[in-house]
Structures are given as C-alpha cells and as structure tokens.
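Please examine the structure shown below before reading the notes that follow it.

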Amino acid sequence: MAGMRTDAMRMVRRNKLVGMWAADKMGFSREEAKAYSDGLARDALDVDRNDILATIRRDFHEAGIPVCDEEVQEVMTASWLQAGKPTKGADASDVAVVQIARTLMK
C-alpha cells in the first residue's frame with residue numbers, strides 16, 4: 001500500500017511539473033500556470049481524466065502551439081525522474097501536491 005501511495009504522489013508531482021512546463025510554453029501568467037498545473041496534478045488520480053498527453057496535446061492545439069508527442073513524452077519522462085527525487089525542504093508547491101494527493105486518495 002505504501003508503494004502505491006508513493007507512486008500516486010510521484011504521479012501527482014510529475015503532472016504538476018509537466019503542467020508548469022506546458023503553461024510556460026502557452027504563455028500563462030504565474031497564477032494561470034499554477035491553476036493549470038494544479039488541475040493536471042488532480043487529474044493524475046482521476047481515471048477519466050488522467051491521460052496527460054492527450055490533455056496537453058489538446059490544449060496546445062487550441063492555443064495554436066505546435067508540439068510533437070515525442071517532446072511532451074520527453075518532458076513527462078524527465079518530470080517523472082525529477083518527481084522521484086527527494087526535495088531539499090518543502091515549499092508551497094510541494095505542500096499543494098501532498099494535499100492534492102491525500103485528498104484524492106481518500
């Protein structure tokens with residue numbers, strides 16, 4: 001069970017990181033980027049909305065930004081690796097990720 005929770009928290013954190021990358025590419029403001037990445041983080045644990053590649057592909061298409069699946073997948077992989085690393089002290093985004101994951105795992 002602990003492994004499943006760890007994987008879920010890692011997936012939430014990965015989606016948050018990918019969301020921040022995507023938001024930057026789409027030119028979102030800081031507040032918009034936070035809201036967008038938080039939404040992707042929540043989607044990580046929702047079976048009906050957890051296809052982050054499809055979500056980002058659609059959002060980039062709607063924003064008129066060309067991006068290939070390989071680029072998104074590279075960012076997703078790098079973010080997955082980064083999400084698995086221990087953090088050097090918590091910051092507000094780490095606290096948000098933990099809270100999102102805890103709420104969704106109940």
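This is a predicted model: local features need pLDDT of at least 70, side-chain atom pairs count only at pLDDT 80 or more; totals for chains, interfaces and linings use all residues.

Residues are numbered from 1 along each chain as its sequence is written, and side-chain values use heavy atoms, with hydrogens and water left out.

**Overall make-up**
- The chain has 5 helices and 0 strands, where helices (H or I, at least four residues) and strands (E, at least two) are DSSP runs numbered from the N terminus.
- Of its 106 residues, 34% count as buried, meaning under 20% relative accessible area with a 1.4 Å probe, protein chains only.

**Nonpolar core**
- A nonpolar core is a set of buried Ala, Val, Leu, Ile, Met, Phe, Trp, Tyr and Cys residues joined through side-chain atoms within 4.5 Å.
- The largest such core has 14 residues, of which V18, A22, Y36, I52, I56 and M76 touch the most other members.
- Helix 1 (2-25), helix 2 (30-43), helix 3 (52-63) and helix 4 (69-83) each supply at least two residues of this core.
- Helix 3 gives the most, with 4 residues.
- Not counting residues up to four places away in sequence, I52 touches R14, N15, V18, L40 and M76, a contact being heavy atoms within 4.5 Å.

**Helix 3 and helix 4**
- In helix 3, I52, L53, I56 and R57 meet D69, V72, Q73 and M76 of helix 4.

Methods. Buried means under 20% relative accessible area, exposed over 50%, partly exposed in between (1.4 Å probe, protein chains only).
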